[in-house]
Amino acid sequence: MPPAEADETAAVIRALIDRGLTIAVAESLTGGLLTAELTRVPGASATVLGGAVVYATELKHTLVGVDAALLAAEGPVHPEVARQLASGVRERLAVGGRPADLGVATTGVAGPDPQGGRPVGTVFVGISSSAATRSVALELTGDRDAIRRATVAQAVRALAAELEITAV
């Protein structure tokens, strides 16, 4: 990641640690890249509980609890799927019976082909806390690798916004 984005990741991790918050990650199209980016920062073990790579659509339901009817009707690339991934991973990666304070999730189409009627570059990032759950819609361009890396950067930005971190 470029240094500015790396600094943003460090700021997110610092804010989580300073506030005593934990985070859990559910990833589809990023396949573990977001969890790797968060845990790259020294001290991340104090806040990052873990991540679930739910690349297969069925795993979104069986491991993280996304509604099977939603997946059947809309497919895996949908804003509500992102929201349910984020809220579900908070609960499923609970430690000592305590859900994660934040859940973040990625789902989308990295390419090279469209999926379920969604064009390449269609991505949704889900963010969940005890206060609210939301999704951020992204329309990204580039090849598969560029879309996956841009998704990670945008997920970090969404976390910074959630934590109300000003520019680093």
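Helices (H or I, at least four residues) and strands (E, at least two) are DSSP runs, numbered from the N terminus. The model is predicted: local features need pLDDT of at least 70, side-chain atom pairs count only at pLDDT 80 or more, and totals for chains, interfaces and linings use all residues. Residues are numbered from 1 along each chain as its sequence is written, and side-chain values use heavy atoms, with hydrogens and water left out.

View 1. The chain holds 6 helices and 5 strands. Along the sequence they run α-β-α-β-α-α-α-β-β-β-α.

**View 2. Overall dimensions of the chain.** The C-alpha trace spans about 40 × 35 × 20 Å along its principal axes. The radius of gyration, taken over C-alpha atoms, is compared with a globule rule of 2.2 Å times the number of residues to the power 0.38. For 168 residues, a compact globule would have a value near 15 Å; the chain has 15 Å, so the two agree. Contact means heavy atoms within 4.5 Å. Among contacts between residues at least 6 apart in sequence, 65% join residues at least 24 apart.

**View 3. The largest nonpolar core.** A nonpolar core is a set of buried Ala, Val, Leu, Ile, Met, Phe, Trp, Tyr and Cys residues joined through side-chain atoms within 4.5 Å. Buried means under 20% relative accessible area, exposed over 50%, and partly exposed in between (1.4 Å probe, protein chains only). The largest such core has 29 residues, and I23, L34, L38, V104 and L159 have the most contacts inside it. Two or more residues each come from α1 (3-18), β1 (23-27), α2 (33-39), β3 (102-108), β4 (122-128) and α6 (144-162). The largest share, 7 residues, belongs to α6. In soluble globular proteins, nonpolar side chains tend to be buried together. Across the chain, 49% of the 168 residues count as buried.

**View 4. Surroundings of L34.** Neighbours within four places in sequence are left aside here. L34 then contacts V25, E27, V104, T106, V152, A155 and V156.

**View 5. The second core.** A separate core of 14 residues includes V54, V64, L85 and A86.

**View 6. R19 in its loop.** R19 sits in the loop between α1 and β1. Its relative accessible area is 45%, so R19 is partly exposed. R19 and T151 lie 132 residues apart in sequence and 25 Å apart in space, C-alpha to C-alpha.
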